[in-house]
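This report describes one protein model. The sequence and structure come first.

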Amino acid sequence: GTITFNWRGPRAAHNLIRVVRPDGSIFESVVDLRQNQEVDLVNNLAQQGTYTWYVYPLDSNYVQIPCHEGGPWTFMKSISPTITPTIGK
């Protein structure tokens, strides 16, 4: 599946989404002004566990604007159910 980040925050030329995976590694994506961002959970955020994410407003030169970042927020991804094959009689 996917997760969509919907913007309701400050007006900035760009925003950096930083997601800390359960193992501590980081996924980042830059989004233009007030656009929603859809992230592929299978390829980018595949681990089971709790993710922590932040939003950093950036100026037109991709430099962080001197204000507080948004977050931290968390979401949990559980393991995807698997289909167990059955043997017909």
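The model is predicted: local features need pLDDT of at least 70, side-chain atom pairs count only at pLDDT 80 or more, and totals for chains, interfaces and linings use all residues. Residues are numbered from 1 along each chain as its sequence is written, and side-chain values use heavy atoms, with hydrogens and water left out.

**Overall make-up**

The protein has six strands and zero helices; from the N terminus on, the order of elements is β-β-β-β-β-β. Helices (H or I, at least four residues) and strands (E, at least two) are DSSP runs, numbered from the N terminus. Of the 89 residues, 29% are buried, where buried means under 20% relative accessible area, exposed over 50%, and partly exposed in between (1.4 Å probe, protein chains only). Among contacts (heavy atoms within 4.5 Å) between residues at least 6 apart in sequence, 57% join residues at least 24 apart.

**Nonpolar core**

A nonpolar core is a set of buried Ala, Val, Leu, Ile, Met, Phe, Trp, Tyr and Cys residues joined through side-chain atoms within 4.5 Å. The largest one here has 12 residues: Phe-5, Ile-17, Val-19, Phe-27, Val-31, Val-39, Leu-41, Leu-45, Tyr-51, Trp-53, Val-55 and Phe-75. Two or more of these residues come from each of β2 (14–20), β3 (26–32) and β5 (49–58), and β5 gives the most, with three residues. In soluble globular proteins, nonpolar side chains tend to be buried together.

**Single residues**

Ser-29 is found in strand β3 and counts as buried because its relative accessibility is 14%.

The peptide bond from Gly-71 to Pro-72 is cis, with omega near 10 degrees, and Pro-72 lies in strand β6 (residues 70–77). Tyr-62, in the loop between β5 and β6, has phi near 65 degrees, a positive value in a residue other than glycine.
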